[in-house]
Amino acid sequence: VNIGKPIRCKAAICRKAGEPLVIEEVELEPPKAWEVRIKILCTALCHSDVTYWKMNLGPAAKFPRILGHEAVGVVESMGEHVEEFKEGELVVPVFFRDCGECRSCKSPKSNVCSKFGNETIHNMPRDGTSRFRDMKGETVYHLLSVSSFSEYTVVDVTHLVKINPQIPLHMACLLSCGVSTGVGAAWKVADVEEGSTVTIFGLGTVGLAVAVAAKQRGASKIIGVDINNEKFEIGKKFGITDFVNPSTCKEKSVSEVIKEMTKGGADYCFECIGLASLMADAVNSSRDGWGKTVILGVEMHGSPLTLNPYQILRGRTIIGSLFGGIKPKSDIPFLAKKYLDKELSLDGFISHEVGFEDINKAFDYLLGGKSLRCIIRM
Ligand code: CXF
Ligand code: ZN
């Protein structure tokens, strides 16, 4: 009945950086060409939302905005030229694009689409406008191409993935960002093999997903590095076998400790925080000859990475990866199948659940270091 018409729905709006979200009624335009309007069924809070909630400088300065990018929903209506999706289909929106047409998307070597620019943080990628307005008629900005903290949202077809409806909704939601990033990093970017040693810097959802995926591949030792000691007990459930708290490394550096624990350095290291110093620690903890370090964290202070070039000369490699190398349209359905075939465990990632009206509690849980994923029921 609403096809081609604007709809009104509730959305949690971030009006100012760092202030609690306010649930308000918004008007949402119908999808334009190459866009799909979806009803969000459930969403979760990822740490990047917290970053964009706090951030009031630089490229992310536009307010009010609607956060949220880890979600699952159902197609409500489609704009012109949309042939890939039908009303009622279960879909996962993704902050990362997969156009399927450009040289990068067609290549198995990359997941970084080169079709549109990178300036799509606030608006629809194709025409640079917003679909949301508040009740005063003022523009409310999208964020990360998803804006799932709303009952309905509009996303570009390149940011939408169909998913097997047999998968439980909460698990589909997990595959939208953090868990897929960690699993992709271990399976696709590092390609961890049986018997190898792994070190993971930062045991949040991404780091623990690396652990689950490394364990599934048969890694012999999976060392977690975190300043929160409680993460060892938590991490054991995800495959962490050993633990190092860098704040207790007094006589020796973290990398010296890890080199001892792995008899010369880990085969694979993963940085899942976003600190240049930890990225260097990760490279220094990797093994001469073939040690591989995968950088997943987005550096939070813009600091440069300082490395001793001899480490690289001695055969170590370092690679960065956005979204763990995941190509959304093909890899998310693949991970869903792995889950349904019981070859990928997603148990334990959901630590909390709140109703939409309590969305601000999800921020408290994550900021308090108490939460992995908090599901927000719509
Ligand atoms: C992040 C990664 C880098 C840019 C913004 C979003 N991913 C998801 O949380
Ligand atoms: Zn995310």
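## Ligand 1

By class, seven nonpolar, two polar and no charged residues form the shell around ligand 1. Here Ala, Val, Leu, Ile, Met, Phe, Trp, Tyr, Cys and Pro count as nonpolar, Asp, Glu, Lys and Arg as charged, and the others, Gly among them, as polar. This is a predicted model, in which local features need pLDDT of at least 70 and side-chain atom pairs count only at pLDDT 80 or more. Residues are numbered from 1 along each chain as its sequence is written.

The shell consists of Cys-46, Ser-48, Tyr-52, His-69, Phe-95, Leu-144, Cys-177, Val-298 and Leu-322, each with a heavy atom within 4 Å. The side chain of Ser-48 has an N or O atom 2.5 Å from a ligand oxygen. For His-69, a polar side-chain atom lies 3.1 Å from a ligand oxygen.

## Zinc site

Which protein atoms are donors of the zinc ion (ligand 2)? They are Cys-46 (SG), His-69 (NE2) and Cys-177 (SG), at 2.0 to 2.2 Å. Donors are N, O and S atoms within 2.8 Å of the metal (3.2 Å for Na, K and Ca). Along the chain, their spacing reads C-x22-H-x107-C.

Why is the arrangement tetrahedral? Because the four donor atoms around the zinc ion subtend angles of 99 to 127 degrees; the class requires all angles between 85 and 135 degrees. Ideal angles for four tetrahedral donors are 109.5 degrees.

How values were computed
Chains are lettered from A and ligands numbered from 1 in the order in which they are written. Side-chain values use heavy atoms; hydrogens and water are left out. A polar contact is a pair of N or O atoms within 3.5 Å; within protein, one must be able to donate a hydrogen and the other to accept it, and residues adjacent in sequence count only if both atoms are side-chain atoms. Four donors count as tetrahedral if all angles lie between 85 and 135 degrees; four count as square planar and six as octahedral if opposite donors are over 155 degrees apart and all others between 65 and 115; anything else is irregular.
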